[in-house]
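Here's a quick briefing on a protein structure, written for someone new to this. Have a look at the picture first, then read on.

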Number of protein chains: 2
Amino acid sequence: MSQEHIVKSFDSELTRLYGEINGMGELALSQLSRALDAVNQRSASIASEVIEQDKQIDALERDVGHDVLRLLALRQPMARDLREVYGALKVSADIERIGDYAKNIAKRSIILSGTQALPATGGLTALINLAKELVSEALLSYKSHDAERAIAVRVRDIELDRAYTSLFREVLTYMAEDPRQITPSTHLLFMAKNIERIGDHATNIAEVAYFVVTGDNLIEARPKVETVVG
Amino acid sequence: MSQEHIVKSFDSELTRLYGEINGMGELALSQLSRALDAVNQRSASIASEVIEQDKQIDALERDVGHDVLRLLALRQPMARDLREVYGALKVSADIERIGDYAKNIAKRSIILSGTQALPATGGLTALINLAKELVSEALLSYKSHDAERAIAVRVRDIELDRAYTSLFREVLTYMAEDPRQITPSTHLLFMAKNIERIGDHATNIAEVAYFVVTGDNLIEARPKVETVVG
């Protein structure tokens with residue numbers, strides 16, 4: 001087998017990996033949108049769809065892991081190629097977690113819709129839309145090998161942290177004012193926390209994108225707003 | 001360089017990886033104990049130590065990632081060796097997350113100790129101790145390549161999920177009875193959720209341990225109690 005042939009094969013397998021990850025990313029974004037629909041429309045059936053669909057993201061992550069192991073064993077990539085393979089593993093793990101959070105939001109939306117006193121979910125909508133933008137930008141920076149875009153994601157995550165902290169405080173106030181709000185609002189707080197965590201995973205993806213392109217680590221210098229609530 | 005020499009070098013580098021991961025694991029366990037001390041002794045200074053120490057776990061994870069990339073590039077491991085390297089990457093990521101949760105618990109303990117009405121934290125102590133056992137068992141199954149022990153961890157995680165769900169319900173009751181409990185109890189709920197998540201990461205570690213030893217995936221068949229609260 002000629003060297004050129006091996007090189008071609010690596011590239012085509014890498015393209016396949018990117019395809020799988022792209023599919024995972026699109027699915028995760030669509031899951032977030034559907035989870036938000038489940039919350040806003042108080043629809044248990046949409047929520048159930050989201051919960052069911054999450055299995056597909058999990059399966060895709062296992063496919064990526066499998067392909068990565070095969071690629072490492074057969075092609076023995078070096079330098080940037082090796083970073084690409086490492087990056088695929090990391091990014092797929094982050095997307096899988098984002099999918100889990102979408103599933104958790106859907107699960108809680110079912111509990112929420114069963115409670116009498118419904119908390120205002122407008123703040124949650126804004127939060128999810130911001131998180132979706134971050135995930136979308138992070139995936140784009142990864143797919144297009146765009147280090148500048150990756151840096152921008154890290155900075156924008158601060159916006160999401162601030163929006164989360166502000167919503168957290170607001171919801172605590174409602175709870176104190178009306179005890180019937182306690183149970184549904186607690187679920188709302190957990191949903192908001194899930195979204196804040198999605199932003200962290202978007203940041204992780206952006207950091208991996210930066211590392212794949214440059215070979216440098218941005219992690220040490222991450223600008224992090226310490227949210228009061230951990 | 002003889003084949004034997006290469007083999008020896010791989011083994012010694014793998015031993016080094018295991019050493020790093022062992023160090024991470026012990027640090028994470030000690031962080032959990034100290035986070036619990038911070039909660040029970042209402043000590044902001046212990047909490048600050050925990051927050052500070054977390055950086056060390058993060059640094060160790062980066063070391064593992066670095067060593068894994070080098071090992072892949074230089075040694076090009078196959079079959080079980082490759083699973084070992086893959087496992088090291090996965091397990092270190094899970095320990096890093098466990099460390100994050102310990103840090104989050106410490107952060108919230110500071111907020112808790114500043115509130116007037118302090119919620120009962122006895123349930124939290126039991127939860128953390130259970131989580132520590134799970135993490136400890138998972139790390140042992142990984143370190144000793146013990147597939148049976150790995151399976152047992154997955155089953156025991158169900159206990160933790162049940163204990164969490166029961167604590168969650170109990171705390172919601174306190175909040176409804178006494179509005180002054182709302183803010184501190186909300187933080188308590190988030191801490192409990194962190195601990196429940198630690199159990200999930202212990203399960204992940206056990207699953208990786210099983211995969212490294214057997215080459216098979218246990219993930220598809222994970223017995224999962226659906227906690228009502230996602």
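Which side chain does the side chain of A:T203 make a polar contact with? The partner is the side chain of A:D157, at 3.1 Å. (A polar contact is a pair of N or O atoms within 3.5 Å; within protein, one must be able to donate a hydrogen and the other to accept it, and residues adjacent in sequence count only if both atoms are side-chain atoms.)

Before going further, a word on the ground rules. This is a predicted model, where local features need pLDDT of at least 70 and side-chain atom pairs count only at pLDDT 80 or more, while totals for chains, interfaces and linings use all residues. Residues are numbered from 1 along each chain as its sequence is written, chains are lettered from A and ligands numbered from 1 in the order in which they are written, and side-chain values use heavy atoms, with hydrogens and water left out.

**Two residues inside chain A**

- A:T203 has its place in helix α6 of chain A, residues 182–214. (Helices, H or I with at least four residues, and strands, E with at least two, are DSSP runs, numbered from the N terminus.)
- A:T203 is buried, with a relative accessible area of 1%. (Buried means under 20% relative accessible area, exposed over 50%, and partly exposed in between, using a 1.4 Å probe and protein chains only.)
- A:F10 sits in helix α1 of chain A, residues 3–40, and counts as buried at 5% relative accessibility.
- Leaving aside neighbours within four places in sequence, A:F10 is in contact with A:L71, A:R75, A:P77, A:D81 and A:V85. (Contact means heavy atoms within 4.5 Å.)
- A:F10 and A:L72 are 62 residues apart along the chain, and their C-alpha atoms are separated by 9.9 Å.

**Where chain A meets chain B**

- Chain A puts 40 residues into the contact, and chain B puts in 40 residues.
- About 3,500 Å² is buried between chain A and chain B, with carbon and sulfur atoms giving 68% of that area. (Buried area is the accessible area, with a 1.4 Å probe, that two parts lose on being put together, summed over both.)
- On the chain A side, A:R62, A:L69 and A:F190 lose the most area to chain B, together 16% of what that side buries.
- Two salt bridges turn up across the interface of chain A and chain B. (A salt bridge is a side-chain nitrogen of Lys or Arg within 4 Å of a carboxyl oxygen of Asp or Glu.)
- A:K90 forms a salt bridge with B:E61, with the closest N and O atoms 3.5 Å apart.
- The elements giving two or more residues to the side of chain A that touches chain B are α2 (44–75), α3 (79–113), α5 (147–177) and α6 of chain A.
- α3(A) supplies the largest share of that side, eleven residues.
- Sorted by class, the side of chain A that touches chain B has 22 nonpolar, eight polar and ten charged residues. (Ala, Val, Leu, Ile, Met, Phe, Trp, Tyr, Cys and Pro count as nonpolar, Asp, Glu, Lys and Arg as charged, and the others, Gly among them, as polar.)

**How the copies are related**

**Salt bridges**

- Over all chains, the structure holds 40 salt bridges.
- A:R156 and A:E133 pair up through their side chains in one of them, at 2.9 Å from N to O.
- A:R156 lies in helix α5 and A:E133 in helix α4 (residues 122–143) of chain A, so the pair ties together parts that are 23 residues apart in sequence.
- In chain B, B:E207 forms a salt bridge with B:R154, with the closest N and O atoms 3.5 Å apart, and both residues are buried.
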